[in-house]
Amino acid sequence: MKILVTGGAGFIGSNFIKYMLSKYKDYKIINLDKLTYAGNLENLKDVEDNPNYTFIKGDICDKELIEEIFSQDIDYVVNFAAESHVDRSIIDPEIFVKTNVLGTVTLLNAAKKAWEQGDSFKEGKKFLQVSTDEVYGSLGETGYFTETTPLDPHSPYSSSKAAADLIVKAYYDTYKMPVNITRCSNNYGPYQFPEKLIPLMINNCLNKKPLPVYGDGLNVRDWLYVEDHCKAIDLVLHKGRVGEVYNIGGNNEKTNIEIVKLIVSYIHDNVDPTVDESLITFVADRKGHDRRYAIDATKIKEELGWYPETKFEDGIKKTIEWYLKNREWLKNVTSGEYQKYYEKMYSNR
Ligand code: NAD
């Protein structure tokens, strides 16, 4: 089995590659990543010498390169590659459309060309699009997103992901190309770039910097430990019904302020007693900020037997401890480009 993983140097992709290489000793994985500010080969140093792992630096929009990769008889594609940060999409939407939409179509076209056999497709092929619950828009205080909830994205990021989902669906509807789409809630865990809530707060606590919290801090997200997401993708890849969408969620709703207070309290109790809630700084709300996301994951549970195995109390503890042990990693990724962006975002607040 040969799997093309795109965006494998990012947060979820790198966790997925390591999970798959350790679970399937005879699978070959090709990681195609452009190494944007969010891609970091340090995330994969444990596997760089694994003979079943190959890294290719490149862009999913590069048609020639993608077609060349497909000449190597790829069985599965798992498309993680994306511009993934909502705040950045508000500042610069164009790259989100380019990577998330045009990149996905470039991959689909190359896969279609390589996998087509007359009017149908070769056996055992699959294109899995890794998507997000954000494509469904925002919930009020009650209710859950199911796979049939209409798409109603609000940010340039979620709109570009929704557009990509629709193109993937079109390749199934039109050509019967073997695809799945997974829509997952917020992930947390090791190797997440510290512009996202949890690692940002941990990093700022460690550096005694203000902890910027949007609006009233009461926006709700459904948090899932990254390894549970990887397990769900593995199941959908091997057993998901072709053409189907599967929601993946942690059944674990938390407000942003709850998460921030939890991190502060852990660092206060275990690392630095001078870190406390006085660091919390409420800042102007994110434009178009969705209030609440919550996933109904009944379908993947009933069809494939998946459920979130990691309890939040354990997952968050493991995560904070990972960042504490890997301060060098944090230091390296927070220098350079990220630092410039961070200063632009937060200097006036
Ligand atoms: P990330 O930003 O950490 O990683 C994205 C990776 O894609 C990086 O390694 C980057 O270098 C690479 N990349 C960007 N543009 C590229 C291009 N044009 N060609 C090749 N590689 C490119 O993102 P993540 O948090 O790991 O998310 C991965 C995927 O999962 C994304 O598609 C995202 O929409 C989706 N998702 C993320 C979450 C979450 O909570 N993080 C939740 C649900 C879905």
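## Burial and the basis of the model

A residue counts as buried if 20 or more other C-beta atoms lie within 10 Å of its own, as exposed if 12 or fewer do, and as partly exposed in between, with C-beta atoms placed from the backbone. Gly124 is exposed, because it has 10 C-beta neighbours inside 10 Å. This residue, Gly124, is placed in the loop between strand E6 (120-121) and strand E7. Its C-alpha atom lies 9.2 Å from that of His238, although Gly124 and His238 are 114 residues apart in sequence.

The structure is a predicted model, in which local features need pLDDT of at least 70 and side-chain atom pairs count only at pLDDT 80 or more, while totals for chains, interfaces and linings use all residues. Residues are numbered from 1 along each chain as its sequence is written. Helices (H or I, at least four residues) and strands (E, at least two) are DSSP runs numbered from the N terminus.

## Annotated domain

An unreviewed UniProt entry carries the annotation "domain: NAD(P)-binding" for residues 4-319. UniProt positions are given here in the numbering of this model, feature names are shortened, and annotations may be inferred rather than shown by experiment.

## Helix packing

Two packed helices are described by the angle between their axes and the distance between the axes. The axes of H1 and helix H7 (residues 226-239) come within 9 Å and cross at roughly 65°; axes are lines fitted to C-alpha atoms, for helices over the stretch in contact, and angles run from 0 to 180 degrees between N-to-C directions. The contact is made by Ile12, Asn15, Phe16, Tyr19 and Met20 of H1 with Val226, Glu227, His229, Cys230, Ile233 and Asp234 of H7. Residues are in contact if their C-beta atoms, placed from the backbone, lie within 7 Å. Seven residues of the contact of H1 with H7 are nonpolar, two polar and two charged.

Helix H2 (residues 63-70) packs with H4 at an angle of about 35°, and their axes are 9 Å apart. Lys63, Ile66, Glu67 and Phe70 of H2 meet Thr106, Leu107, Ala110, Ala111 and Ala114 of H4. The contact of H2 with H4 has six nonpolar, one polar and two charged residues.

Helix H6 (residues 197-206) is mostly covered, with eight of its ten residues buried. These are Leu197, Ile198, Pro199, Leu200, Met201, Ile202, Asn204 and Cys205. The cover over the buried residues of H6 includes E9, strand E10 (211-214), helix H8 (256-270) and helix H10 (312-325).

Lys208 lies in the loop between H6 and E10. Its phi is near 50°, a positive value in a residue other than glycine. Most residues other than glycine have a negative phi. Lys208 is exposed, because it has 11 C-beta neighbours inside 10 Å.

## The loop between H5 and E8

Pro178 and Lys176 are both in the loop between helix H5 (156-175) and strand E8 (179-184). Pro178 is buried, because it has 22 C-beta neighbours inside 10 Å. Apart from neighbours within four places in sequence, Pro178 is in contact with Phe121, Lys125, Lys126, Phe127 and Val242. The C-alpha atoms of Pro178 and Tyr76 are separated by 9.8 Å, although the two residues are 102 residues apart along the chain.

Lys176 is partly exposed, because 13 other C-beta atoms lie within 10 Å. Phi of Lys176 is positive, near 60°.

Note on methods. Two residues are in contact if their C-beta atoms, placed from the backbone, lie within 7 Å. Ala, Val, Leu, Ile, Met, Phe, Trp, Tyr, Cys and Pro count as nonpolar, Asp, Glu, Lys and Arg as charged, and the others, Gly among them, as polar.
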